[in-house]
Amino acid sequence: MEGGGVIEHALVPMDESPMARRALEFALEAHSEATVTVLFVANYVDESYGAEMLLGPETLRERVDDRAERIFDGARETAAEHDATVETATEYGDPTRVITQYAEDHAVDVIVMGSHGRSLVSRVLLGDVADTVVRRAPVPVTIVR
């Protein structure tokens, strides 16, 4: 955080959950002067290794890209409702590692995320992403409920 605690760059990891949209709305309102980056993390465990074998890696990547674009379109609409714009990024891998590494590599001042976005089954299998990000993040994390 340059300039005495001013938030210049907020990172909002997003999926298609209402919690993620609330997190974005919060970031846009609370950090209205900041650059807001919406990050979609494609986790191939979620996308399913079995699907890759059935569809092939290119088709699976197209599906991931389509999903990311849907999320980004929604994020842009939400930003427009707040007279703001967002930057977007898609990364691949384990969400907790990717989110924390992205924050470190891109001069992020705060991560704003929903308390959960995954189904209960996924959270039990993969661990709670928000909880792990809070513990591992190199910057403050705001959890929006």
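**Salt bridges in their setting**

Reply: Along the sequence, the chain runs α-β-α-β-α-α-α-β-α-β-α-α-β, with eight helices and five strands. Helices (H or I, at least four residues) and strands (E, at least two) are DSSP runs numbered from the N terminus. The model is predicted: local features need pLDDT of at least 70, side-chain atom pairs count only at pLDDT 80 or more, and totals for chains, interfaces and linings use all residues. Residues are numbered from 1 along each chain as its sequence is written, and side-chain values use heavy atoms, with hydrogens and water left out.

The structure holds seven salt bridges, a salt bridge being a side-chain nitrogen of Lys or Arg within 4 Å of a carboxyl oxygen of Asp or Glu. One of them pairs Arg-67 with Glu-16, with 2.8 Å between the closest N and O atoms. Arg-67 belongs to helix 5 and Glu-16 to the loop between strand 1 and helix 2, so this pair ties together parts 51 residues apart in sequence. Glu-16 is partly exposed, at 45% relative accessibility; the classes are buried under 20% relative accessible area, exposed over 50% and partly exposed in between (1.4 Å probe, protein chains only).

Two further pairs lie within single helices. In Glu-25 and Arg-21 the closest N and O atoms are 2.9 Å apart, and these residues, four apart in helix 2, are separated by about one helical turn. Arg-21 is partly exposed, with a relative accessible area of 35%. Asp-73 and Arg-76 also form a salt bridge, the closest N and O atoms being 2.9 Å apart. They are three residues apart in helix 5, again about one helical turn. Asp-73 is partly exposed at 37% relative accessibility, and Arg-76 is partly exposed with a relative accessible area of 34%. Salt bridges with shared partners join Glu-16, Arg-67 and Arg-70 into one network.

Arg-76 also touches the packing around Val-86. Leaving aside neighbours within four places in sequence, Val-86 is in contact (heavy atoms within 4.5 Å) with Arg-76, Leu-24, Leu-28, Val-36, Val-38, Ala-75 and Ala-79. Val-86 is among the residues with the most contacts inside the largest nonpolar core, which has 24 residues. Such a core is a set of buried Ala, Val, Leu, Ile, Met, Phe, Trp, Tyr and Cys residues joined through side-chain atoms within 4.5 Å. Strand 1, helix 2, strand 2, helix 5 and strand 4 each supply at least two of its residues, and helix 5 gives the most, with six.
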